[in-house]
Amino acid sequence: MTPHPGGPQGHHPRDYSQAPLLLFWEMTRACPLSCVHCRASAIPDPLPGELSPAEGRRLLDQVASFGEHPPTVIFTGGDPLRRQDLFDLLSYARDLGLRFGVSPAVSQGLTRDTLSRLADAGASALSLSLDGSRPETHDAIRRQNGTFERTLQAAGEARDLGLRVQINTTVMAETVGELPEIFHILRQLDVRAWELFFLIKVGRGAEGDTHDLPPAGCESVANFLYDASRYGITVRTVEAPFLRRVLRMREERGEYWDDPLYRTLRSDLIALEGAPSMPSGLAPVGTLDGDGILFVANDGTVYPGGLLPYALGNIKDGDLPSIYRSHELLRQIRRRAFTGACGACSLRQACGGSRARAYATTGDALASDPACVWTSAAFADGG
C-alpha cells in the first residue's frame, strides 16, 4: 500500500523501536465477499463490539501521538466501505496530518464515484486483490462472479483518478502457476506495486492443507519474484521475509536455485515480458510483525500483525504507542530473540522469518519459520 523501507542497496535499516511504519486497522469484518483464504473469516454483517465512530477517532488520535513520524494507516477489513462513517474517519485522519491508504473489497459498492470520494478524502493509495489471471480462477477464490473484471476496471479508474494502485495476490498451491500472467496483467494496467501474501493458517486459510506450498515451493516463488522485480515494478511480500535472503543469495551467487516450479515460472515470465534488463528493486531490509507493523482489530484489540493473533492489549483501555514500544514480545521480535534455525541464522536481522507462520505452526511467535528452506537440515549449514 505504501513504500516499504530499505530502498537501494546500502541504505541503513530504519529503527522501528519507537513507531511502526504501517498501522493496519480492520475497521469491520463485514464484507460482501466470502474468499476461500480470508484471514478475517469475513461475514456479511458487522460483529458486535466493533469500534464506534468516537472510538475510531480515539484510535486515530493515538496513531498521531506516536510523534514526529507516525505510521501510515491502512484502512482495511472485511470491507471498510461497509463502515458508514468511513469518509468521516478518513477526513479526521487527514485533519490529523496522517498518511493513509484504503484496501476495499471489490464489490458493487466500489464504483467510480466511490473511488473519486476516496481520492478527494486524501487517500494516498488503494490496494486491490487479484488472485488469478483468469475470471474463472479469481472469481472462484472470491466466491462471486464478476469480481475479476470489476477489479481490472477499478484499478484503471483509480489510476485515472490519481490514486496509486497496488495489487495484492495470495500465493496458493492451486494458482501459483498463474503468477507470471498476473504480473503481465499488472504491467498492462501500469500498476507499479505488487504485494504477495504467503498463506498463513488463520481464518478460512486454516481449512485444510490444499493451499499451502512446501518450503521448496516458497523458495521457487521467491526466486521468481526476484526476477519479476527486475522489470521496474515494486515487489513486496507479506509473511515471506525470506525474500530478502533470496535477494542476497541471487546477487552473491547468481541463479543458485534449480527447481521445476521455478524453471516453469521463470520461463513463463520471460515468454510474456522478455528477459529482464534492470537491477532488482527488492528492498534488502524491511518489516516484521511487531517490528514496523502493527494491527488493530475491529474490536480494538492490538496484534503484532493481521495474521498473528497474539493479543497485546486493546486501544479502548490502553495506549497504542506504549503497547508498541513496551510489550515484551515485540521487544523480543525487534531484537531477533528467536529460537531454532531462525535464531541461529546469520541473516536474521535482514530476514527474521514469518512470526505469524511460526505462531500458527508451533504456538510460539519466536520459533523458526517452517516455510523457509534454511530451517531444514539440508540448508542449515548455509545460514
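**Salt bridges, a helix and the core**

Let me begin with arginine 331, which is partly exposed, with a relative accessible area of 41%. Before going further, please keep in mind that this is a predicted model.

Which residue does the side chain of arginine 331 meet in a salt bridge? The partner is glutamate 328, at 3.9 Å from N to O. Both sit in helix α11, residues 328–334, and because they are 3 residues apart there, about one helical turn separates them. In general, an α-helix has 3.6 residues a turn, so residues three or four places apart point the same way. Glutamate 328 is partly exposed as well, with a relative accessible area of 39%.

Glutamate 328 also forms a salt bridge with arginine 335, where the closest N and O atoms are 3.1 Å apart. Arginine 335 counts as partly exposed, at 47% relative accessibility.

How many salt bridges does a search of the whole structure find? It finds 20. One I'd like to show you pairs arginine 134 with glutamate 181, the closest N and O atoms being 3.6 Å apart. This pair links distant parts of the chain, 47 residues apart: arginine 134 lies in the loop between β4 (125–129) and α4, while glutamate 181 belongs to helix α6, residues 179–189. Arginine 134 is partly exposed at 34% relative accessibility, and glutamate 181 is partly exposed with a relative accessible area of 34%. If you follow the charges around, you'll find Arg134, Glu136, Glu178 and Glu181 linked in a network of salt bridges.

Is threonine 137 buried or exposed? With a relative accessible area of 12%, threonine 137 is buried, because the cut-off for buried is under 20%. Leaving aside residues up to four places away in sequence, threonine 137 touches Asp131, Gly132, Thr175 and Glu178.

Next comes helix α5, residues 147–160. Its 14 residues reach 20 Å from the first C-alpha to the last, close to the 20 Å expected at 1.5 Å a residue. Several α5 residues are buried, among them Thr147, Phe148, Arg150 and Thr151. What do the buried residues of α5 pack against? They pack against α3 (112–121), β4, α4, β5 (164–171) and α6. After α5 comes glycine 162, with a positive phi near 90 degrees.

Now for the core. The largest nonpolar core holds 102 residues, and Trp194 and Leu320 touch the most other members. Helix α7, residues 215–228, gives the most to this core, with 7 residues. Take leucine 320 as an example: not counting residues up to four places away in sequence, leucine 320 touches Leu23, Leu59, Gln62, Val63, Phe66, Leu294, Val296, Val302 and Ile315.

Finally, let's zoom out. The protein has 14 helices and 11 strands. Of its 383 residues, 56% count as buried. Among contacts with a separation of 6 or more, 73% come from residues 24 or more positions apart. The accessible surface of the protein is about 15,100 Å², and carbon and sulfur atoms account for 49% of that.

How values were computed. Residues are numbered from 1 along each chain as its sequence is written. This is a predicted model: local features need pLDDT of at least 70, side-chain atom pairs count only at pLDDT 80 or more; totals for chains, interfaces and linings use all residues. Side-chain values use heavy atoms; hydrogens and water are left out. A nonpolar core is a set of buried Ala, Val, Leu, Ile, Met, Phe, Trp, Tyr and Cys residues joined through side-chain atoms within 4.5 Å. Buried means under 20% relative accessible area, exposed over 50%, partly exposed in between (1.4 Å probe, protein chains only). Helices (H or I, at least four residues) and strands (E, at least two) are DSSP runs, numbered from the N terminus. Contact means heavy atoms within 4.5 Å. Accessible areas come from the Shrake-Rupley method with a 1.4 Å probe; for residues, only the protein chains shown count as cover. A salt bridge is a side-chain nitrogen of Lys or Arg within 4 Å of a carboxyl oxygen of Asp or Glu. The expected span of a helix is 1.5 Å times one less than its number of residues.
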